[in-house]
Amino acid sequence: MSTAKSPFNPPKSRVVDDELKMEPMSRRKRWVLIGIAIFCLLIFSVTTPMMMFFGDLFGGGPAVVATAQLPSGRIEIDQQDLEISSRLMGTEKRLLGRDRGRDQKDIIAYTVLLKLAEDMELVIPDGELQVFISSLLAGNPGIQYQDVVRTMGYPSAVMFENALRSTLRVPRLERILLESRIPTRDEVMKTWQDIYGEFQAEFLVWKAEDFVTASLALEPSEEELTEFYASGLDFTQRRELENEDGVAFDGLLLSADALGTAAVAIWADPEEPSEEALQGFYDFNKRFIYLRPEPEEGTEPDPDAGFYLTREELGERVAADFKLHRAALTLLDAASSAEDLAAFAAEKGVEPLLYEVPVPRSQISELERIGASSQLFELFRAEAGVFLDKVIMVDGAALLLRPTKQTPRELPPLEEIRDSVVDYWRESRQPDLAKEAAEAFLARLPQPEVEGDPIVVDQDAFAAAASADGLTAEVLGWVSRQRRASDPVWPGDDKVRPWLRGEIGRTLDDYSANEIVGPLEFTFGDPYVVVARLVDTRDADPAKIWPAELRGVRFQVQSRVREEFSLDGLAYEGLAQTYDIQLTRSDG
């Protein structure tokens, strides 16, 4: 930062930056420039910018471009003001990333805001300026402050800081103006009514499950069935029909009994493990092989018992498992290079394993002797032909395993599951049959004279049409468009009314009393179709407004009012209306 006078101590007499203003021209200098101007007029072609320049010069100062009515009185905006604003707008764009545009009206709008900030004697505090410059330097590590000043095009830090104050002053003013936009009570209450206005309706429901019998009479064409098989089955249906993924594998099993044989004693390490080694083995493997069993039926679990069996409960088992695990690891490298695994197993005194037919995922945990470990599922994602890089411990044995063949989960050919696919196709047609029944009901109602107009029927006509179809209209009593704390309590198994309230509430402005709404389709879970008749609408009772509702609506309206003001009120047209901006000249 600058060291010549305090970099955060601007002149207090005026808010406008003195360094950005031109010094008054002396009388002698003016006459010299007039002489030069006359010489240029005689020698060179006269252009419009030249005439404007000399007009400003002979007129005693920059030409007035616009005027505006501020609280303190009417002000003039001249060409020099626009040049200052244009430079500050460039600084704002580089430092704050905000592009206000380069049109003359954009610059005039910015100038009015700058003048208004001056009129209000709005000053950026030293602390705010310090924070901004510090964040600017922190965001560009390694750069010096003087480099920033030069990059921004200012000859001194003082001029840069004064320009920065002016640059930050306009956004500060805009925030003040935005925060002053407080919605009126009428605006808040109108929005509250728009959200919580009430309506009453009666409705009919066609459930997909009511068309099971009708769907059994349907037969899909070959083309329909093929298309449904390819893209119509949902996730659950596909999972039901797919063949499970499976894995074939081989390996070696080293049992605790085999560990004591002479054949194993030849290559197994006989050294007793240290206490530290045993504890490390227990800590790493307890989540795989030392989970606490579920209590027997009819017995209460011990609330003090942990998820894992303790060392004390396991006793000598930890040492026995450690030796098994160590011995199996010794075999791992040699087994990987063995060409004949059965011969290798016989040589080492261990049991060979071979599962040539892929075992489905759901059955692998049920395999005799080896199916107790969740680590077996790693066979499905391991590389075929390569031993797992770990020993799998099961009760009293250690396993070395490698997958030999993996079969993916996939949908069988249509020919193998045709009947099941047809059943699912018929099930998929049940919502369509429900919708067709609802549309047939609508077709029997009195139709509007003009095609495309809404169907309008009274209560008696709606009830008669429903009775003809063997249906009885249900009532959705007076409810608000959106959920409220004062909502009626519907039965837990009533899924239609809460959903229907939302469907009608969202589009209530599009309907009037006695109009038909629908058909409306509910497609999740158990599908159904609804046709409703809007009985009437009314305003919600302001006397029953909840404080939380009022706070939420007030915040929503305030956000909307401020957003609209930010887009319109701070643009040239809005400022021109508020501050009576009058243009006095145009530079084309």
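Close-up 1. At 30% relative accessibility, D126 is partly exposed (from 20% to 50% relative accessible area with a 1.4 Å probe on protein chains only; buried is under 20%, exposed over 50%). R165 is buried, at 3%. The two residues form a salt bridge with closest N and O atoms 3.0 Å apart (the term requires a side-chain nitrogen of Lys or Arg within 4 Å of a carboxyl oxygen of Asp or Glu). The pair links distant parts of the chain, R165 being in helix 7 (residues 157–179) and D126 in helix 5 (residues 126–138), 39 residues apart. Helices (H or I, at least four residues) and strands (E, at least two) are DSSP runs numbered from the N terminus. This is a predicted model, in which local features need pLDDT of at least 70 and side-chain atom pairs pLDDT 80 or more, while totals for chains, interfaces and linings use all residues. Residues are numbered from 1 along each chain as its sequence is written, and side-chain values use heavy atoms, without hydrogens and water.

**Close-up 2. The R538–E198 salt bridge.** The closest N and O atoms of R538 and E198 are 2.7 Å apart. R538 is partly exposed at 41% relative accessible area, whereas E198 is buried at 14%.

**Close-up 3. The K323–E272 salt bridge.** The side chains of K323 and E272 meet at 2.9 Å, N to O. K323 belongs to helix 16 (residues 317–337) and E272 to the loop between helix 13 (262–265) and helix 14 (275–289), 51 residues apart. K323 is partly exposed at 25%; E272 is exposed at 53%.

**Close-up 4. K348 in helix 17.** K348 is found in helix 17 (residues 341–348). K348 is buried and has no salt bridge; the nearest side chain of opposite charge, E347, is 4.2 Å away. Leaving aside neighbours within four places in sequence, K348 is in contact with A263, V264, W267 and L331 (heavy atoms within 4.5 Å).

**Close-up 5. Residues lining the second largest pocket.** Helix 10 (222–232), helix 11 (235–241) and helix 18 (418–444) each supply at least two lining residues. Helix 18 gives the most, with five.

Key: Lys, Arg positive; Asp, Glu negative; His and termini not counted.
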